Amino acid sequence: MNNLKNFLFTSESVSEGHPDKVSDRISDMVVDNYLANDSQSRVACETLTTTNKVVLAGEVRGPEIKKDELISKVRDCIKDIGYDQDGFSYKEATKIESHLHSQSADIAMGVDASGNKDEGAGDQGIMFGYACDETDVLMPAPIHYSHKILRLMAEDRKSGKLKNIEPDSKSQITIEYKEGKPAAVKSVVISTQHSADVNQADVRDLVKPYIEKSIPKNLLSELSEDEIYVNPTGNFVIGGPDGDAGLTGRKIIVDTYGGAAPHGGGAFSGKDPTKVDRSAAYASRYLAKNIVASKISDRCLIQLAYAIGVSKPLSIYVNLFNNDEEQNRHVEKLIRENFDLSPRGIREMLSLNKPIYQKTAAYGHFGREPEPDGSFSWEKTDKSNIFNS
């Protein structure tokens with residue numbers, strides 16, 4: 001996020017039925033399936049979805065899982081999302097191929113622990129974490145409310161409460177900031193797939209209540225009807241993978257902070273937690289959120305950097321956006337002293353070797369509620385007291 005005080009900022013979200021998110025869900029299902037059978041499994045799975053076809057590709061190391069079992073679980077994912085259309089369905093008309101194969105022995109040798117060598121990072125890369133006090137979950141407001149609209153729509157669609165709305169949808173919210181804080185929603189865009197039984201006026205009436213359910217009233221006071229755009233291109237009956245091919249990892253900004261903070265470049269979905277693209281991004285969010293929860297700063301950006309085969313981060317960057325270099329260095333010192341940010345240390349700290357990843361595949365990996373099964377453990381603020389010292 002910039003250092004301006006008064007500006008407009010926009011973020012978008014996409015639903016679980018968006019073709020790229022269908023691919024993310026399926027890839028994370030593969031991760032969960034391997035971790036459920038062996039918590040030390042290694043998975044890097046990419047998924048392609050298109051008209052009546054799903055293709056899995058990538059590398060795995062772990063238990064022997066039959067191809068037919070995986071294919072059946074792919075169909076379960078598609079059914080749960082809600083697709084049973086001529087061009088894409090959980091039924092046999094959609095062909096599913098799996099081309100998963102064993103992990104490279106060279107990669108395994110470089111990252112595995114052996115003797116007195118600790119487990120190294122699975123790849124080089126930079127990972128960012130961010131938190132701010134704009135919302136109660138310490139997320140930037142535009143992405144948080146964009147996610148919420150689509151999540152509530154999906155819940156009601158799947159329960160039967162919201163009819164004639166299909167799985168593929170997108171949202172986008174522009175917020176005006178004054179003195180660095182969200183002041184007013186200036187526009188809302190919702191594009192959603194719908195049945196052929198409704199017209200565009202009907203679709204507008206169906207989705208508008210979700211704007212009011214998702215965004216605080218004080219932010220909506222200046223929003224006019226002309227600033228609410230519902231299906232601005234018109235008809236949206238053909239959607240999902242039948243309308244546009246989907247690939248794992250193409251919605252990385254939707255997955256994180258909606259552009260309000262940097263992204264290291266690596267996608268999350270389809271990767272087991274030994275991959276620092278995923279685990280270190282979760283750890284950096286955990287650090288940033290606990291720092292903001294401690295009240296020492298109203299926002300925080302963390303960067304971690306890794307080299308393949310090396311266990312400790314090469315660098316830790318802290319930005320509290322307060323021009324206080326001494327405090328920033330002090331927070332960095334507290335992180336080094338109190339957190340093991342090796343790949344193994346992160347997994348143990350956040351209990352990541354569990355089948356908890358399918359539910360991260362839509363509506364953001366951050367700003368979610370920690371759950372009893374260990375999901376979203378990186379959203380806890382149980383270490384905030386460390387930063388008050």
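**Where two helices meet**

Y145, K148, I149, L152, M153 and D156 in α4 touch V207, Y210, I211, K213 and S214 in α5. Sorted by class, the residues of that α4–α5 contact come out as seven nonpolar, one polar and three charged. Keep in mind that this is a predicted model.

**More on α4 and α5**

- Two packed helices are described by the angle between their axes and the distance between the axes.
- For α4 and helix α5 (residues 200–214), the angle is about 125° and the axes are 9 Å apart.
- Angles of 65 to 115 degrees would count as roughly perpendicular and those over 145 as roughly antiparallel, so α4 and α5 are oblique to each other.
- The crossing of α4 past α5 is right-handed.

**The four-stranded sheet**

- Strands of a sheet pair through backbone hydrogen bonds, either parallel or antiparallel.
- Here the sheet is an open one of four strands, ordered β1-β8-β9-β10, with mixed pairing.
- At its edges sit β1 (7–14) and β10 (228–230), each of which pairs on one side only.
- From one strand to the next, the twist averages 15°.
- How many bridges hold β8 and β9 together? Strand β8 (residues 165–178) and strand β9 (residues 181–194) share 11 bridges, in the antiparallel sense.
- To find your way along that pairing, look for S171, which stands opposite I190 in β9, and for I175, whose bridge partner in β9 is V185.
- On to the next pair: β9 and β10 run parallel and are joined by three bridges. Look for V188 here, which stands opposite I228 in β10.
- Is β9 largely enclosed or largely open? Buried means under 20% relative accessible area, and 10 of the 14 residues of β9 are buried, so the strand is largely enclosed by the rest of the structure.

**The turn between β8 and β9**

- β8 and β9 make a hairpin, with two residues between them.
- Most residues other than glycine have a negative phi, and most peptide bonds are trans.
- E179 has a positive phi, near 55°, and is a residue other than glycine.
- With a relative accessible area of 57%, E179 is exposed.

- Helix α9 (residues 276–293) and helix α11 (residues 343–350) cross at roughly 60°, and their axes come within 10 Å.
- That angle makes α9 oblique to α11.
- What is the handedness of the crossing as α9 passes α11? The crossing is left-handed.
- On the α9 side, the contact involves V276, S279, A280, Y282, A283 and Y286, which meet P343, I346, M349 and L350 in α11.
- By class, this α9–α11 contact has nine nonpolar residues, one polar and no charged ones.

**A few single residues**

- K295 is in the loop between α9 and β12 (299–306). Phi of K295 is positive, near 75°, in a residue other than glycine.
- At 73% relative accessibility, K295 counts as exposed.
- Q358 comes in the segment after α11. Its relative accessibility is 25%, so Q358 counts as partly exposed.
- What does Q358 touch, beyond its neighbours within four places in sequence? Q358 is in contact with R25, D28, M29, D32 and C77.
- How far is Q358 from R204? The two are 154 residues apart along the chain, and their C-alpha atoms are separated by 30 Å.
- S72 is in helix α2 (residues 67–81), and at 39% relative accessibility S72 counts as partly exposed.
- S72 and Y90 are 18 residues apart in sequence, and 9.2 Å apart in space from C-alpha to C-alpha.

Terms used:
Residues numbered from 1 in each chain as written. Predicted model: local features only at pLDDT ≥ 70, side-chain atom pairs only at ≥ 80, totals over all residues. Heavy atoms only, no water. Pairing = 2+ DSSP bridges. Axes fitted to C-alpha atoms, helices over the stretch in contact; angles between N-to-C directions. Buried < 20%, exposed > 50% of the residue type's maximum accessible area, 1.4 Å probe, protein only. Parallel < 35°, antiparallel > 145°, perpendicular 65-115°, else oblique. Left-handed = near helix turned anticlockwise from the far one by under 90°. Contact = heavy atoms within 4.5 Å. Nonpolar A, V, L, I, M, F, W, Y, C, P; charged D, E, K, R; others polar.
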